[in-house]
Amino acid sequence: MRLEPKPAPSLAMSILYPVVAIVVTFIIAGVLVMLADANPFSVFRLVLKGAAGSQFAILETLTRATPLIFTGLAVAVAFRAKLWNIGAEAQLYMGAIITVVLGTGALPLPAIILVPLVMLAALIGGALLLAGPAWLKLRFGVDEVVTTLLLNFIVLLFVSMLLEGVLKDPMALGWPQSPKIIAEAQLPRVITGKRLHYGFVIAVALAIGLWFVMKKTVLGYEMRAVGHNAEAARFLGMPVNGVLMKTALLSGGIAALGGFSEVAGLKGSLTLDLSPGFGYTGIVVAMLAMLNPIGVVFSAIFVAGIFVGAAAMSRTAGVPSYIADVMVATSLLTMVTAIMLSRYRVKWK
Amino acid sequence: MMDAVEILFTASFWVAAIRIASPLIFATLGELICERAGVLNLGIEGIMTAGAFAGWFTVYMGGDLWTGVLVAALVGMAFGLLHSFLTVPLGLSQHVVGIGVTLLATSLTYYVYRLALPEVTSPPKIEPFQPWPVPGLSKLPVVGEALFTQTPLTYLAFVLVIVVAWGLYRTPLGLAVRAVGENPGAVEAQGISVTAVRMGAVMAGSALMAIGGAFLTMSAFNSFFFNMINGRGWVCIALVVFGSWRPGKALLGAILFAAFDAYQIRLQQLSGGVVPYQVFLMLPYALSILALIVVARRATYPKALMVPYQKGER
């Protein structure tokens, strides 16, 4: 069996392949649903209803998509330069920690100054957290995959330490939780009384901004060049190490904004379950979008819809909500396969 | 302070260290085989989760312990087949596929767990492997208790180190595995299929990872928990680098790591809560990063690691 490059696929083909990937994902999920003695069609209808069947459902899906846009963008930026940042989870928590530290009254400033300030601080914290592994990679040749993965565990333990120590809310009985941030540090809600907050607006704006950076700026061009062929980029005189470090700072900072947005926009405080794996799911979001920043917004909404819809479905149909995680993981594998098949012809010989 | 040193001379400490090392030995050997064949297998964390559940569940459903080990290995092989099919003949990114396999194996495991045991609040228990003191050897001074009062799975882990080392360096198959990780073109020229050797290596390696996971539910503990692998798979990837892709050195690394882990648990109790316990729990992960930094300069990766091979390509 061997692969031969195909001519560039037509628009129809480049849409058809991803669609087939999603269909295959649903077929696999359907089989698993049948194992739970449920009818796949009614289950998927319930998922769709839970994700988009009402104003409440749609707002809930967009709210859940918000952190995924941030982590998806963080991964998309890093992977484009072939910097394997698997530590968006840790960077997100770093952003959340900083938001809580600065947002609980330490800085008595009006909202118009405090919110951007906290946001910037979170960004810097996340950037520095990924700068560490990036520096180790560039200076000593330490593989960033393992270091960023291990940092996820270290940072989560650090959060646990803070929540049982200096950041413990004296008012919360037993449950490890930080105090609530002050009103001036909060992001406003998009619609009063609903959970969707301005973190979503920031995320979408950031996606558009990054699309511009990737497509139209020298840095974006350099990142793509380094990702495509670091040796050739070096040969052409590009500062490869500098580009990778800038990429790391950008990626880590973006992921941390996800943590800022969750605390300042939605939760108000830091807990150990702030992120149910947003950092890891961000990898799927980025790959489904083929690392395109604008695409990340749509794939994040798609993935969030599966999670929100499956949670609602699970309450009524009795199929474990882990079906959502299975579907998201399956869609990653089917999608990368589909993209490959759209570019190469498989010769069985 | 004296107590902190005395711990190192107690037999119970070394018994614990060897027990903690056992799942790491299985999984590190598994990853080592994959990487020697040129394939980075980031599916390890998920495959260990699936193996932990599959072995435990087989016993819970009435199978015997060794059947559980076999089922875990087969489940691991199935995920290895998926991983290697996507990364070897299709040549997809080993990073992305590996993470995908970890996410898939983990979520499938949790889904099946919830399906099989919907309403349990405390995880059901099984009768796990019991310690099996080796007659004679377990009475040896110093090392006897630590090495020879373990469960049969631990003995299997140590035997496998020898088998894998022998297989890699002394058999034609092992030569082929090492060669596809260094110079696949030369192997193809010998009329051996690079694809077949790489896929076989990933499947065999994944089976070992799954047994490593099963050790946790069937020997170290007696039930299955969520998040029970808790980064052990990622630690094993660091151990492979630390062991410079050699089974013997990887064994040494696993034991050192496990001794450190066992030591931090005991220090935690000794410190009496002055230092937050989370600091101690962070140490093993921090140590793994430190170990990577120390060896990184002289690490000699298999030359074709993460390089997909296309027949007829130069």
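The largest cavity of this predicted model is lined by Asp143(A), Val146(A), Glu35(B), Leu40(B), Ile237(B), Val241(B), Trp245(B), Tyr301(B), Leu305(B) and Met306(B). A cavity here is a set of points, on a 1 Å grid over the protein atoms alone, where a 1.4 Å probe fits but cannot get out, and lining residues have an atom within 4 Å of a point. The volume of the largest cavity is about 60 Å³, a volume being the space filled by probe spheres set on the points, which are joined across faces, edges and corners. By class, its lining holds eight nonpolar, no polar and two charged residues; Ala, Val, Leu, Ile, Met, Phe, Trp, Tyr, Cys and Pro count as nonpolar, Asp, Glu, Lys and Arg as charged, and the others, Gly among them, as polar.

The second largest cavity has a volume of about 40 Å³. Around it stand Gly141(A), Val142(A), Asp143(A), Val241(B), Leu292(B), Ala296(B), Ala299(B) and Tyr301(B), which divide into six nonpolar, one polar and one charged residue. The count of cavities of 30 Å³ or more is three.

The contact between the chains (heavy atoms within 4.5 Å) takes 47 residues from chain A and 46 residues from chain B. Together the two chains bury about 4,200 Å², 80% of it on carbon and sulfur atoms; buried area is the accessible area (1.4 Å probe) that two parts lose on being put together, summed over both. In chain A, Leu150(A), Tyr322(A) and Leu333(A) lose the most area to chain B, together 15% of what that side buries.

Five residue pairs, both residues at pLDDT 80 or more, are in polar contact between chain A and chain B. A polar contact is a pair of N or O atoms within 3.5 Å; within protein, one must be able to donate a hydrogen and the other to accept it, and residues adjacent in sequence count only if both atoms are side-chain atoms. The side of chain A that touches chain B draws at least two residues from each of β1 (2–5), α1 (11–35), α5 (111–140), α6 (144–164), α11 (278–288) and α13 (322–343), where helices (H or I, at least four residues) and strands (E, at least two) are DSSP runs numbered from the N terminus. The largest share, 13 residues, comes from α6(A). By class, this side comprises 36 nonpolar, five polar and six charged residues.

Over all chains the count is three. In one salt bridge, the side chains of Arg195(A) and Glu60(A) meet at 2.9 Å, N to O. Arg195(A) lies in the loop between α6 and α7 (198–216) of chain A and Glu60(A) in helix α3 (residues 55–80) of chain A, so the pair ties together parts 135 residues apart in sequence.

Residues are numbered from 1 along each chain as its sequence is written, and chains are lettered from A and ligands numbered from 1 in the order in which they are written. In this predicted model local features need pLDDT of at least 70, side-chain atom pairs count only at pLDDT 80 or more, and totals for chains, interfaces and linings use all residues, while side-chain values use heavy atoms, with hydrogens and water left out.

Note on methods:
On a 1 Å grid over the protein atoms alone, a cavity is a set of points where a 1.4 Å probe fits but cannot get out, and a pocket is an open set with protein on both sides within 12 Å along at least five of seven lines; lining residues have an atom within 4 Å of a point. A salt bridge is a side-chain nitrogen of Lys or Arg within 4 Å of a carboxyl oxygen of Asp or Glu.
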